[in-house]
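Morning, everyone. Please bring up the model on your screens, and we'll walk through it.

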Amino acid sequence: MSTNIAIDFGSDKTRLFLQDAGVVLDEPSLVAVEVSTNRVVAFGSDAYAMFEKTSDKIKIIKVIERGVVTDFDAALMMLKHFIRKSVKKHPSSLRVILNMPEEITDLEQYNLISLLRFVGIKKIYLIDTCKAALLGAGYDIMLPKGRLVVDIGADNTKFGVLTLGDNSEIKRVSSSGRSLDDAIKKYMKKKYNLLIGSRTAESAKKALCCAREPSDLAFFKVKGRSLVTGMPAAVEISNFELLSISESFSAEMAIMIQNCMNGLSPEIVSDICKDGVVITGGGANIIELDKYIETRINISIVHPENSEHCVINGCAKAMDYLSGDLKTSPLRETEMN
């Protein structure tokens with residue numbers, strides 16, 4: 001008997017959902033490799049612990065970026081490790097629903113599917129990212145209603161307009177959670193002559209970034225290397241210091257939502273205005289982002305709990321369609337099923 005699992009193979013995290021068990025894995029999509037022998041040293045969270053801390057003998061591979069596999073062999077080893085760690089059954093007995101970014105090419109889709117084939121999985125079903133995000137946010141996407149979902153990921157942000165279970169319009173932009181990290185790194189370098197890593201910038205973002213003027217003062221100690229002395233240094237910054245960076249990112253999101261509405265049919269726009277715009281992904285967790293956008297464009301914003309898990313939860317909810325006619329579902333069968 002087949003066991004149903006869902007996989008969200010993302011640029012930042014790889015997540016696995018096992019039916020009747022929930023999310024059983026949520027780890028960075030990273031592999032640590034010894035340069036001289038090409039031997040794998042660590043996967044996922046263990047590899048992340050080494051990120052930006054390794055010597056020349058070890059390199060950290062981001063196995064997927066913007067939905068595209070960057071290193072097939074490393075990605076295959078990581079996926080085998082994650083499945084073996086999370087699912088105590090032979091891969092051939094698994095039936096997988098895989099999140100598939102809408103904007104990637106047929107060849108890039110083939111590479112993602114091939115990873116699962118090489119692991120030993122035979123039954124693979126695909127669901128588009130924006131459809132999965134809406135399902136995971138609790139919406140019935142098969143209804144004759146227009147929906148707008150904004151999935152703010154690590155490497156890019158997707159804007160999807162859906163109705164009757166199909167994509168009406170999909171846009172992708174480079175603004176993402178990582179672009180905020182890069183902005184913080186540039187700010188620290190310019191103002192404080194302090195060079196910081198991506199992990200530190202991400203921590204500062206999570207602690208301080210707020211889309212609107214904060215009601216309370218908060219601080220975060222940023223540690224790095226002084227560009228003046230070359231020695232370790234630390235600077236304590238406040239949430240007010242990062243306000244302009246946060247506001248700029250939030251304003252860009254609001255403008256792009258407005259642009260998405262242009263050209264849509266009046267009935268779909270009416271549905272979106274009535275039910276609100278849904279924001280998902282880890283980047284949706286920026287403090288007050290939903291309130292900022294609401295004020296800016298005068299449309300309600302729905303920010304689900306655990307928004308970073310909306311895609312994997314949507315993949316899991318799509319399991320319900322496996323028992324029916326797939327032609328009237330958001331799922332697509334792969335050719336080899």
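**The pocket and what surrounds it**

Let's start with the lining of the largest pocket. β1 (3-9), β2, β3, β11 (147-152), α5 (177-192), α6 (198-208) and α10 (310-317) each supply at least two of its residues. This is a predicted model: local features need pLDDT of at least 70, side-chain atom pairs count only at pLDDT 80 or more, and totals for chains, interfaces and linings use all residues. Residues are numbered from 1 along each chain as its sequence is written, and side-chain values use heavy atoms, with hydrogens and water left out. Helices (H or I, at least four residues) and strands (E, at least two) are DSSP runs, numbered from the N terminus.

How big is the pocket? Its volume is about 1,100 Å³. Of the 48 lining residues, Asp12, Lys13, Gly153, Ala154 and Gly282 are the closest to its centre. By class, the lining has 19 charged, 15 nonpolar and 14 polar residues.

Now the hairpin. Strands β2 (residues 13-18) and β3 (residues 22-28) pair in the antiparallel sense over six bridges; pairing takes at least two bridges in DSSP. Leu16 has Leu25 in β3 as its bridge partner. Three residues sit between the strands, and Asp20 takes a positive phi near 75°.

Next, α6. Which of its residues are buried (under 20% relative accessible area, 1.4 Å probe, protein chains only)? They are Ala201, Glu202, Ala204, Lys205 and Leu208. Seen down the axis of α6, they fall within an arc of 160°, so they line one face of the helix. Their cover includes α1 (44-50), α5, β15 (219-226) and β16 (232-238).

How values were computed: On a 1 Å grid over the protein atoms alone, a cavity is a set of points where a 1.4 Å probe fits but cannot get out, and a pocket is an open set with protein on both sides within 12 Å along at least five of seven lines; lining residues have an atom within 4 Å of a point. Grid points are joined across faces, edges and corners, and a volume is the space filled by probe spheres set on the points. Ala, Val, Leu, Ile, Met, Phe, Trp, Tyr, Cys and Pro count as nonpolar, Asp, Glu, Lys and Arg as charged, and the others, Gly among them, as polar. Buried means under 20% relative accessible area, exposed over 50%, partly exposed in between (1.4 Å probe, protein chains only). The arc is that of the directions from the helix axis to the C-beta atoms. Contact means heavy atoms within 4.5 Å.
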